[in-house]
Amino acid sequence: MPTYGGDEVNALVLDIGSAYTRAGFAGEDLPKAYFPSHIGYVETDMEVTETADDPSKGAGASPAASDGDVAMGDRAATRKERQYFCDTEGGAWRAGMEIGGPMEDGVVKDWDIYEKIWEYAFKTRLRVRAEEHPVIVSEAAWNTSEKRAKLVELAFEKFQCPAFFVCKTPVLAAFGTGRHTGLVVDIGGESASACAVYEGYCLTKTIRRQALGGEQLTAHILSQLKAEFNYEPTPLFDIKSKTPTDIQRLPAVARRNRAGVTDSYLSAMRHRLTLEFKESACEILERPFAKSYAESKPHKPFEFPDGFNASFSAMRYALPEALFNPKDYYLGPGAGSLVGVHELALRSVVASDIDLRPHLLNSVVLAGGSSLFPGFADRMSLALQEAIPGSRLKLYCPTSAIERKVTAWLGGSILGSLGTFHQLWISRAEYDEHGASIVDKRCL
Ligand SMILES: Nc1ncnc2c1ncn2[C@@H]1O[C@H](COP(=O)(O)OP(=O)(O)OP(=O)(O)O)[C@@H](O)[C@H]1O
Ligand SMILES: [Mg+2]
């Protein structure tokens, strides 16, 4: 366990993904907290006074203005103030509440939401003071230098961390399965990616990624339910009462028709409702989808909370087929330019040095929640084997579903519990001396 100021302290490990956040203590087997990264916020207009010499500062910044004494040239203005709610997992509803996530294309887009997630994870869920623990955070392999610098500033300036380290997700996922070298294929929330990791370093030129992860798949499922059955799931917050309906009949629900439901809230709740269907009814065939074969497989009955129920046959295999054959089975944006996840993996292998390729194929790490569809690993294995016959292929992934959802976090937990971790981290003294740019030298 690393020591800080003479005391042994656990590092905090934070893996904020585009869909879920995992937070916990280094050295533990599982994160203490696992919650959606999309959080609620209500925006209200705040009356502020913009001073003549600094329009970016509001009333609070000017002593004169805070006394209600508006100086010459100052003017009244309104500013949007957000109140955040990180407790939306249970679908708590508030009038006018929007739901938003911190990431776009795998990197931080909304720093306010990102910061709120840190605060919520540390203060409310882990009940710790970040200023007393070294912190390890994950980042996408394609994160930019500017965003990394901002991350370091957040850690040292806002949260006063004593030490900080940021590590690329594929490296952490490899560590999470006990490997230092391998090809990491991560099918997560809003993206799918493949990347070679060599001796604990991410080989940037081998990164292949695309915007087709679990969230786009959920949107695709919603659109297919609409196309096939003219059905749109009714979110729980909107169900007042329901009566049982026959199979494939539209649900008979009395709605609450609450005022102030925003589009983002409605869409997020519909997505969350569809997760259970996606995660329990959908499967991937071991071979490319063929309708007659899929129909010969067991059907699965599924009832949505609003009472809509059907027996799903070929459809439950056709939906996740989008991951392996997006051109034919995915109807979302940019489908024409997407490739199957096995193809992403192959392109990443081909982009690596020829001597390394056998080692990568011998160590393919599957990570990310969307790799959990039953049949995913078998299909991946077969597709890669067919593409490179004769190769010695070996797939690694944690056996338990829970661990597969937190593989990268687990890697952070292992990294943070190494006795040598303090040689890696950026200390506050180093940050004070070199500034945020030290991150590009230290965290490779
Ligand atoms: N059993 C399951 N079957 C299919 N999909 C699943 C299963 N469990 C979780 N998922 C999906 O996995 C996705 C989230 O994956 P993950 O937690 O790896 O993403 P993330 O780390 O938040 O995002 P990213 O790393 O891509 O930014 C969600 O869309 C979720 O629906
Ligand atoms: Mg992830």
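1. Helices (H or I, at least four residues) and strands (E, at least two) are DSSP runs, numbered from the N terminus. By that rule the protein has 17 helices and 23 strands. The structure is a predicted model, in which local features need pLDDT of at least 70 and side-chain atom pairs count only at pLDDT 80 or more, while totals for chains, interfaces and linings use all residues. Residues are numbered from 1 along each chain as its sequence is written, and chains are lettered from A and ligands numbered from 1 in the order in which they are written.

2. Overall dimensions. The C-alpha atoms of the protein fill a box of roughly 75 × 60 × 40 Å along the principal axes. The radius of gyration (taken over C-alpha atoms) is 24 Å. A compact globule of 444 residues would have a value near 22 Å, so the two agree; the globule rule is 2.2 Å times the number of residues to the power 0.38.

3. Burial and contacts. A residue is buried if 20 or more other C-beta atoms lie within 10 Å of its own, exposed if 12 or fewer, and partly exposed in between, with C-beta atoms placed from the backbone. Of the 444 residues, 42% count as buried. Two residues are in contact if their C-beta atoms, placed from the backbone, lie within 7 Å. Among contacts with a separation of 6 or more, 70% come from residues 24 or more positions apart.

4. Two loop residues with positive phi. Most residues other than glycine have a negative phi. Q160, although not a glycine, has a positive phi of about 55°. Q160 is placed in the loop between α3 (145–158) and β12 (163–168), and is exposed because 12 other C-beta atoms lie within 10 Å. E199 is another residue other than glycine with a positive phi, here near 50°. The loop that holds E199 runs between β14 (192–198) and β15 (201–202). E199 has 6 C-beta neighbours inside 10 Å and therefore counts as exposed.

5. Helices α4 and α14. Two packed helices are described by the angle between their axes and the distance between the axes. Axes are lines fitted to C-alpha atoms, for helices over the stretch in contact, and angles run from 0 to 180 degrees between N-to-C directions. Helix α4 (residues 169–176) packs against helix α14 (residues 407–416) at about 75°, with the axes 6 Å apart. The pair is therefore roughly perpendicular; angles of 65 to 115 degrees count as such, under 35 as roughly parallel, over 145 as roughly antiparallel and the rest as oblique. From α4 the contact takes in T169, V171, L172, A173, A174, F175 and G176, and from α14 T407, A408, L410, G411, G412, I414 and L415. These residues divide into 9 nonpolar, 5 polar and no charged. Ala, Val, Leu, Ile, Met, Phe, Trp, Tyr, Cys and Pro count as nonpolar, Asp, Glu, Lys and Arg as charged, and the others, Gly among them, as polar.

6. Helices α5 and α6. The axes of α5 and helix α6 (residues 263–281) come within 10 Å and cross at roughly 90°, so the two helices are roughly perpendicular to each other. The α5 side consists of L217, T218, I221 and L222, facing R270, H271, T274, L275, F277 and K278 of α6. This contact has 5 nonpolar, 3 polar and 2 charged residues. S223 also lies in α5 (residues 214–229), and counts as partly exposed because it has 13 C-beta neighbours inside 10 Å.

7. Helices α10 and α12. The axes of helix α10 (residues 341–350) and α12 come within 9 Å and cross at roughly 50°, which means that α10 is oblique to α12. V341, H342, A345 and L346 of α10 meet M380, A383, L384 and A387 of α12. The contact residues comprise 7 nonpolar, 1 polar and no charged. D378 is found in α12 (residues 376–387); with 14 C-beta neighbours inside 10 Å, D378 counts as partly exposed.

8. Is F324 buried or exposed? F324 is buried, because 22 other C-beta atoms lie within 10 Å. F324 belongs to the loop between α8 (315–318) and α9 (326–329). Leaving out residues up to four places away in sequence, F324 touches G340, V341, H342, R379 and A383. The C-alpha atoms of F324 and F376 are separated by 9.4 Å, with the two residues 52 apart along the chain.
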